[in-house]
Amino acid sequence: MERTWANWAGNQRAAGIDIRHPRGAGEVSALVLDAVRAGRRVRPVGSGHSFTAIAKPVDVQVVLDRCADLIGVDVASGLVTVGAGLTLARLNRLLTEVGLAMTNLGDVDTQTVAGALATGTHGTGSRFGGLATQVRALEIVLADGSIHECSPAREAELFEAALIGLGALGIVTEVTIQTEPLFALRAEEAPMPLEEVLTGFTELIEGPDHAEFFWFPHTPRTLVKRNTRVPLDLGLEPLPRLSRWWNDDFLSNTVYGGLLATGRRFPRLIQPINTVSSRALAARNFTDLSPAVFISARRMRFVEMEYAVPRSELVAVVRELRHAIERSGLSISMPVEVRVATADTVPLSTAYGRESGYIAVHMARGSAPDAYFALVESIVGAAGGRPHWGKLHTRSADDLRGQYPRFADFVALRDAVDPGGAFTNPYLNRVLGSPPAAGATPNGDALMDPR
């Protein structure tokens, strides 16, 4: 049956596609073989939360919502095996019920486990890696229909590459995650001057376990979030339900969304809106279970670009971005988010081999992001930036090859396991190059277009 698809932000769409909902690796294998024999390309998709066209299907789209169960739990070891289509939101609820938790999370939980891994999703914390560093084994279906169970001890090369595989190697159907005993976070949120944040940045990120800040362009103000792990036996002091709804949902989504809409219609009001918004922030402290602190409600639709730079360059990059925005004459309505992560060894991780700082910039849906995102990209690119695979950027394989020491290893493995390009699409052809027998050429379409 031919159907249509759109991602969460609405900037990526496809029509005339065949959408499948297989149950388990066996059915995934069968549909992949059928597609390959028919010369059709297959793309897995999670919740569609990527802003790039990484999940955009050409012919067949595989939705793993029927591969979304909790398969096995070992509370003693903390190892948990799940279907790849399980959402992070549901996974967090199931883990809480058995007294376990993810070591680190981003601030959104609507993604599926496989989708979050494929694009390199991460949270923040100077001693913590992205979600891929928490995986201990996975099951993946390759283009020849074979089903592989991978781990550091079994098919280690495939396992390592598939941790952040972009959906280019095959379709991940099961994932085993290393969790830890349920813990709480003491959250401290407060407005701070940007210069104070940048001057004391090392202390800011190395003091608490997880830290980040949001800078409001055209103002000297930020909102700083510091989260510190605390044992459960110290007790919880969560925000009152009404207070949490008022601040984190109504004000942050409904009211702020209305202000952004006003700014789109009347750009001259953006700077005063940012000033009012930044001054309206109030300090607050609370203690809650880790998922309740890590995750934020995101009902406003937007598009996003995020780059990882060497952490040693992060403060200078933020300062340059501030000056560049003012020189540009652009009016920027949404905050700039700054986070950190420790180095890891995953070949296509944005934190591969280096302590990393992340700069994420956003534009409300319906805005024109090209000029702003191009400005940001020029600054982070000069600092050795690596783009988030699921967020908007214009980089190609030629650009990325020099940024990832093991880029050629990943592409060689991709070419070996999928030489015919069964899992490719124009985005992957652009960022990885075309598989040797795919008969496709890299697509030059700009992926910043929000239409």
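This is a predicted model: local features need pLDDT of at least 70, side-chain atom pairs count only at pLDDT 80 or more; totals for chains, interfaces and linings use all residues.
Local features are given only where pLDDT is at least 70, side-chain atom pairs count only at pLDDT 80 or more, and totals for chains, interfaces and linings use all residues. Residues are numbered from 1 along each chain as its sequence is written, and side-chain values use heavy atoms, with hydrogens and water left out.

**Overall make-up**

The protein has 451 residues, of which 58% are buried; buried means under 20% relative accessible area, exposed means over 50%, and partly exposed lies in between (1.4 Å probe, protein chains only). It contains 14 helices and 19 strands, taken as DSSP runs (H or I of at least four residues for helices, E of at least two for strands) and numbered from the N terminus. Among contacts with a separation of 6 or more, 72% are between residues 24 or more positions apart, a contact being heavy atoms within 4.5 Å.

Helix α10 covers residues 314–328, and its 15 residues reach 21 Å from the first C-alpha to the last, close to the 21 Å expected at 1.5 Å a residue; the expected span is 1.5 Å times one less than the number of residues. Its buried residues are L314, V315, V317, V318, L321, A324 and I325. An α-helix has 3.6 residues a turn, so residues three or four places apart point the same way. Just after α10, G329 adopts a positive phi of about 80°.

In strand β17 (residues 336–341), six of six residues are buried. V336, V338 and V340 point one way, while E337, R339 and A341 point the other way. Strand β13 (residues 210–215) runs antiparallel to β17 and is joined to it by three bridges, strands being paired if DSSP finds at least two bridges between them. In this pairing, F214 stands opposite E337. Strand β18 (residues 356–364) also pairs with β17 in the antiparallel sense, over five bridges, and Y358 is the bridge partner of R339.

Side chains of opposite charge can pair when their charged atoms come close. A salt bridge is a side-chain nitrogen of Lys or Arg within 4 Å of a carboxyl oxygen of Asp or Glu, and the count comes to 18. The table gives three of them.

| Pair | N to O distance | Relative accessible area |
|---|---|---|
| R154 and E149 | 3.7 Å | E149 46% |
| R327 and E320 | 3.0 Å | R327 60%, E320 33% |
| D398 and R401 | 3.1 Å | D398 62%, R401 42% |

E337 and R339 of β17 also belong to a salt-bridge network with E304, E306 and K391. K391 is in turn among the contacts of T52, which, leaving aside neighbours within four places in sequence, also touches Q12, W389, G390, L392, H393 and Y427. T52 lies in the loop between β3 (42–45) and β4 (60–63) and is buried, with a relative accessible area of 2%.

**Surface patch**

V73, V75 and V98 form a nonpolar surface patch with about 200 Å² of accessible area together. Patches are made of residues with over 30% relative accessible area and no salt bridge, with like charges joined within 9 Å and nonpolar side chains (Val, Leu, Ile, Met, Phe, Trp, Tyr) within 5 Å. V98 is found in the loop between α2 (88–97) and β7 (100–101) and is partly exposed at 34% relative accessible area.

Note on methods: Accessible areas come from the Shrake-Rupley method with a 1.4 Å probe; for residues, only the protein chains shown count as cover.
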